[in-house]
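Subject: Structure handover

Hello,

Here is the structure I promised to pass on. Please open it and keep it beside this email while you read.

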Amino acid sequence: MMSRVAEITALLTEIASRLQTGLPLTESSLPAISSLNQTLNLNEESRVRVFDTALSLMCFKAPQVFDSMIENLVGTIVSVLLSSISCKVLRFQKEEFLQIGSSISRYDCGELIKACLDVFGRLEGHGNLSHLLFRAVLRVAISASCHQSLFPLPNIVIVEPSYQKNTAFSKLHSLLPEEISVSNEMLSRLFLWYLEPLTLKDDISRILSESSKRPFLSLKKELYERMTWRSIILCMVLSPTMFIETRTLLHSWFLLTGLTSILELQIEIVSSVLDVLQRPMWWGMSMEVGSKLPFSQAYFLDKHHLLLRLAGPLSCESLLGLVHLIRGLVSHAENHSDPIFKQTSIKARMIDHKSTWALLMAFPVWFYFASALLFSGKNCPDMFLPRCITGAVKTQTHDIEQNRASAARYLAWILIPCNEYHSDLLVNCLIEISISLEHCCLDTHNVTAGFQKKLMTPKDHDYKNTMAAKEYDGRAMGLWLKQFHDCHVSYWNKIANNSESAGAKAPKILSLRQNLLFRRIPLGIFIGCSNIDEEACELLLHYAATGAILPYDNKDLMTLSEKSDERKEAIEGAHLVFSLFDVIEDMSDSIFETEESSHEFICRLRVKVGRFLVKCVEKLLQLNTDEDNEEMLMLMDLRRRLSQWRHQGGEGFQGYKALDEIFRALNFKLSSYEKD
């Protein structure tokens with residue numbers, strides 16, 4: 001086969017040269033063509049029959065004949081490459097061995113690919129020849145052995161590894177066609193992932209790079225609508241191994257950097273893969289392929305029971321069951337740890353890609369659900385809590401306390417996955433701070449009365465009685481946020497002192513992520529309590545986005561802090577709103593029984609957050625001075641988000657002049673870019 005590879009390589013080089021000049025092949029190529037033809041036509045086992053047309057066309061120079069000559073030559077090469085792949089049974093004494101693969105070694109594949117790289121680009125305009133040659137080379141490369149031996153294999157062979165990493169495999173990645181059709185054979189992209197694992201890393205890096213530069217890009221929508229990205233998701237579905245590798249890769253990047261964009265991409269990839277498994281035909285798969293997909297257990301292996309809980313419906317009962325399951329998993333992991341390992345190694349396994357914590361982080365809906373339940377006490381009249389209690393007619397005090405305790409425990413596991421003692425301290429801290437919220441309202445009696453009245457209202461969409469209760473205004477919320485922030489600082493100082501005295505140091509990623517998640521816990525008030533006004537909502541959202549508490553006695557409440565980057569604060573504030581409502585939409589679909597109730601719940605929250613969002617966009621447009629391509633893409637993404645926001649807002653945004661004005665200002669800004 002070595003001589004055959006040399007002939008193919010020489011012929012490919014000649015074809016590349018003649019395609020560039022437009023001249024017919026020279027007589028020096030005739031022996032190689034004849035040899036390949038003879039190889040195919042005299043092989044009795046081969047089903048391939050190649051016409052000897054190429055030889056008869058050598059004396060013609062017309063363009064049409066030249067194209068036919070190229071077509072037949074490429075077809076001959078493709079047939080030779082595919083015929084090198086075989087599957088046969090070898091018998092030795094009384095034993096049988098299955099031989100699968102290509103007779104071309106992995107080393108020779110590297111030389112073959114180098115010769116093909118010059119041909120691929122020059123075959124444009126010659127039909128699907130480039131695609132046929134590309135697929136044939138991939139099939140040979142993926143079937144090639146990493147060992148060098150004779151072919152056909154003798155009965156007993158001593159093989160020696162001869163494969164070394166070849167950059168030619170990576171170069172094939174740039175020639176990958178943007179395909180979305182799923183047939184009985186693997187996609188070319190999947191071939192490349194197996195052939196060179198670095199190409200998987202390159203694909204994920206490209207998505208991450210673009211999503212990081214475009215904070216208002218809807219990843220969920222793009223992963224479905226952009227054909228290249230959708231093909232990546234479908235390849236992960238077709239290969240659970242590659243999905244696991246992707247999760248491992250993203251999780252390791254997240255632990256190293258703590259970047260929110262990495263976690264958001266991992267969340268959307270997990271969500272998209274699970275969605276494909278539920279409705280494969282909607283993603284473009286045929287019924288035949290969709291019916292043969294593996295069960296979800298193949299993608300999550302030993303954490304499948306936890307996955308079923310996380311992917312299930314949201315309710316107080318479900319959260320209690322989830323907390324019980326997590327407690328068992330964490331206890332099992334600690335009890336079965338090898339005592340030889342150091343404590344630091346055990347803690348590292350508590351947050352690695354196989355850990356319970358890693359899977360919990362991929363389902364943010366439970367984090368915000370637990371945050372909402374944490375503050376859904378007596379002073380929060382809303383349909384949120386009653387709808388989440390399975391089979392409950394009215395809420396008793398012990399139910400509220402039980403829900404609060406389970407919510408605090410879940411949040412503590414997310415924030416402190418490595419230390420049970422510190423986690424217990426955080427549970428007590430969260431329960432105390434949630435109780436303190438009840439004392440911030442000036443008229444507790446009216447709030448409680450309104451709450452009981454609301455619970456007896458049979459209609460989900462009747463919010464008039466809810467608003468009769470005393471609202472948390474900006475002043476009350478500002479006072480409580482100050483207490484929450486002080487509690488936050490005090491707790492982490494205590495943890496740092498305990499860790500320092502014990503000679504231990506928490507991973508950097510945990511301190512970064514803990515700070516971000518801790519300040520997002522108060523968003524549960526925004527989600528689960530309806531008796532807060534717009535000023536209180538702005539305080540909560542601004543604190544979650546920036547970690548700073550706005551002065552509640554300021555007339556212009558949304559004046560951003562002068563001490564920090566105002567433009568960055570505006571981007572983070574608007575990004576928080578859009579990402580938060582992506583989660584809220586998933587929550588409402590799981591909580592409410594009817595689409596109407598879900599829609600009204602979301603619209604009511606959209607109206608409350610509208611003022612904060614408008615001022616963030618206003619500030620962004622005022623401070624936006626760059627006119628590069630990335631800036632324009634960001635504003636275009638923002639316009640799409642705002643357009644969708646207005647459309648989904650329903651009647652709540654009809655006549656909302658502030659939103660209409662900011663939308664017109666954004667259009668004007670983009671039109672000025674286009675003129676320039």
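One definition comes first: a residue is buried under 20% relative accessible area, exposed over 50%, and partly exposed in between. Keep in mind too that this is a predicted model.

**Salt bridges**

Let's start with charge. Side chains of opposite charge can pair when their charged atoms come close. The structure holds 20 salt bridges. Here are some of them.

Take Asp 203 and Arg 206. Their side chains form a salt bridge, with N to O at 3.7 Å. Both residues sit in helix α9 (residues 198-213). They are 3 residues apart, about one turn of the helix. Asp 203 has 5%, so it counts as buried.

Next, look at Arg 226 and Glu 210. Their salt bridge is 2.9 Å, N to O. This pair links distant parts of the chain, 16 residues apart. Arg 226 is in the loop between α10 (219-225) and α11 (227-238), while Glu 210 is in helix α9. Arg 226 is partly exposed, with a relative accessible area of 24%. Glu 210 is partly exposed as well, with a relative accessible area of 24%.

Glu 210 and Arg 226 also belong to a network of salt bridges.

Glu 538 forms a salt bridge with Arg 611, and the closest N and O atoms are 2.6 Å apart. Glu 538 lies in helix α28 (residues 534-546) and Arg 611 in helix α30 (residues 595-623), so the pair ties together parts that are 73 residues apart in sequence. Glu 538 has 0% relative accessibility, so it counts as buried.

Turn to helix α6 (residues 129-143) and helix α8 (residues 188-195). Their axes come within 10 Å and cross at roughly 35 degrees. The crossing of α6 and α8 is left-handed. Which residues meet there? From α6 come Phe 134, Arg 135, Leu 138, Arg 139, Ala 141 and Ile 142. From α8 come Ser 188, Phe 191, Leu 192, Tyr 194 and Leu 195. By class, the contact has 8 nonpolar, 1 polar and 2 charged residues.

**Nonpolar cores**

The largest nonpolar core has 142 residues. Those with the most contacts inside it are Ile 204, Trp 366, Tyr 410, Ile 521 and Phe 526. Helix α29 (residues 566-591) gives the most to this core, with 12 residues.

Zoom in on Ile 521. Leave aside its neighbours within four places in sequence. Ile 521 is then in contact with Phe 367, Ser 371, Leu 374, Phe 375, Leu 411, Leu 415, Leu 430 and Phe 484.

There is a second, separate core of 27 residues. It includes Ile 77, Leu 112, Leu 138 and Phe 191.

**Two single residues**

Asn 72 is in helix α4 (residues 63-83). Asn 72 is partly exposed, with a relative accessible area of 23%. Asn 72 and Leu 129 are 57 residues apart in sequence, but 9.8 Å apart in space, C-alpha to C-alpha.

Finally, find Leu 301. This residue is in the loop between α15 (297-300) and α16 (304-310). Leu 301 is not a glycine, yet it has a positive phi of about 50 degrees.

Best wishes

How values were computed: Residues numbered from 1 in each chain as written. Predicted model: local features only at pLDDT ≥ 70, side-chain atom pairs only at ≥ 80, totals over all residues. Heavy atoms only, no water. Axes fitted to C-alpha atoms, helices over the stretch in contact; angles between N-to-C directions. Helix = DSSP H or I, 4+ residues; strand = E, 2+ residues; numbered from the N terminus. Left-handed = near helix turned anticlockwise from the far one by under 90°. Contact = heavy atoms within 4.5 Å. Nonpolar A, V, L, I, M, F, W, Y, C, P; charged D, E, K, R; others polar. Salt bridge = Lys/Arg side-chain N within 4 Å of Asp/Glu carboxyl O. Buried < 20%, exposed > 50% of the residue type's maximum accessible area, 1.4 Å probe, protein only. Core = buried A, V, L, I, M, F, W, Y, C linked by side-chain atoms within 4.5 Å.
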